[in-house]
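Okay, thanks for coming, everyone. Have a look at the structure on the screen, and I'll talk you through it.

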Amino acid sequence: MIKDLLRRQHIETPSWAFGNSGTRFKVFAQPGVPRDPFEKLADAAQVHRFTGVAPTVALHIPWDRVADYGALAARAAELGVGIGAINSNVFQDDAYMLGSVTNPDPRVRARAIDHLLECVDIMDATGSSTLKLWFSDGTNYPGQDDIRARQDRLAVALERVYARLGEGQRFLLEYKLFEPAFYVSDVPDWGTAYAHCLRLGERAQVVVDTGHHAPGTNIEFIVAFLLREGKLGGFDFNSRFYADDDLMVGAADPFQLFRIMFEVIGGGGVEAEAGGAFMLDQCHNIEPKIAGQIRSVMNVQEATAKALLVDRGALSVAQAAGDVLGANAVVMDAYNTDVRPLLGQVRAEMGLDPDPMAAYARSGYFERVRDERVGGAPAGWGA
Ligand code: LRH
Ligand code: MN
């Protein structure tokens, strides 16, 4: 059963992780970076080729805007991957300085809503069933704008998008405590996202970006709660030591990732059928990007395998008996289990090399695209 679940795991890679990224201090250009969405898909396909569990790629609009989205989806299929979540972007136009859908100016709000509706058109054109909405909207100083009025404006925009969703489509609302807003973020926490989604209906769910919480937040509690409510739409996986560092998932806190996957499994969310989107949302500012994505997928696999090894029977016995140390020991035994041999076996049974990183390095793919991708502008955030 565990091997079967690991074989059928589905982790979604983000197109933007393959482009140049950085901080406000510097975006370091790396060699061989893709120059358009087609080349991003080709790189993402390498992650699936060597891990077998990364069959879809999330797009970000306008970073991945093309003339023919049907052709992009067809190319993805040729490469053996599919188009995953469509990510809107109402955080980079000058017009959005004081907000997008919450902006005091109705013309700016209308412009932002038009973009969100365009993203649903792109879902139709690419066969994507998921729209991911993150709003950078917020204020920097007390009094700058009315907190309640901004919530009213946000609700209006979400209703418009919800009404536009087609058969089998849903949207995931992403929350974030701060940045770029430094006083009020209009969707700062899971409670705000949950309340808006609850009001709208079952096609509106919450996405948990693991980098978007206050330090010390118990993210697995949020996961357990949202799963119980049927409102956990998915994850933006990454890790951080301080803020929204967007480091490789599991790199900064592998135990937290294990605890999160433990609650996902307990809440019946690990099955692909449960519909949870396990997306990576990362920036490989200084490390090789494709290899960084492969390592990240492996980190999720390892946390999942450890969490699947928890002896749930022994755990419920210890919990029922109030055996605090016993119960904790059951969970820690699983966490302290080296699951790399098990995952190596699963990959071998999938016809893959047990060591994806070594197999990718041996493939020479990076050296080939580095030499081929001469000229043109490397992809990035264009910020
Ligand atoms: C915001 C965020 C959001 C994306 C962006 C790339 O911090 O997590 O998910 O749109 O990063
Ligand atoms: Mn995110």
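Leaving out residues up to four places away in sequence, Phe-237 touches Thr-210, Val-249, Leu-257, Ile-260, Met-261, Phe-278, Met-279, Leu-280, Asp-281, Gln-282 and Val-300. A contact here means heavy atoms within 4.5 Å. Before I go on: this is a predicted model, where local features need pLDDT of at least 70 and side-chain atom pairs count only at pLDDT 80 or more, while totals for chains, interfaces and linings use all residues. Residues are numbered from 1 along each chain as its sequence is written, chains are lettered from A and ligands numbered from 1 in the order in which they are written, and side-chain values use heavy atoms, with hydrogens and water left out.

Phe-237 is also one of the residues with the most contacts inside the largest nonpolar core, along with Phe-135, Phe-171, Leu-173 and Phe-235. That core has 100 residues. Helix α9, residues 289-308, gives the largest share of it, ten residues. By nonpolar core I mean a set of buried Ala, Val, Leu, Ile, Met, Phe, Trp, Tyr and Cys residues joined through side-chain atoms within 4.5 Å. Buried is under 20% relative accessible area, exposed is over 50%, and partly exposed is in between, with a 1.4 Å probe and protein chains only.

Now, the metal. Which residues hold the manganese ion, ligand 2? The protein donors are Glu-174, Asp-209, Asp-236 and Asp-281, lying 2.1 Å from the ion. Donors are N, O and S atoms within 2.8 Å of the metal (3.2 Å for Na, K and Ca), and water is not among the atoms, so sites may look incomplete. Along the chain, the spacing of the donors reads E-x34-D-x26-D-x44-D. Glu-174 sits in strand β6 (170-174) and Asp-236 in strand β9 (232-237), so this pair ties together parts that are 62 residues apart in sequence. Helices (H or I, at least four residues) and strands (E, at least two) are DSSP runs, numbered from the N terminus. Both Glu-174 and Asp-236 are buried.

And why call the site octahedral? Because the six donor atoms around the manganese ion subtend angles of 73 to 169°. Six donors count as octahedral if opposite ones are over 155 degrees apart and all others between 65 and 115.

Another cis bond joins Glu-179 and Pro-180, with omega about 10°. Glu-179 has a positive phi too, near 75°, and is in the loop between β6 and β7. At 36% relative accessibility, Glu-179 counts as partly exposed. Asp-246 also has a positive phi, about 55°, but that residue is buried, with a relative accessible area of 8%.

Finally, let's zoom out. The protein chain has 14 helices and ten strands, and 54% of its 383 residues are buried. Its C-alpha atoms fill a box of roughly 60 × 55 × 40 Å, taken along the principal axes. Of the contacts with a separation of 6 or more, 78% are between residues 24 or more positions apart.

Definitions and conventions: Tetrahedral: all angles 85-135°; square planar, octahedral: opposite > 155°, others 65-115°.
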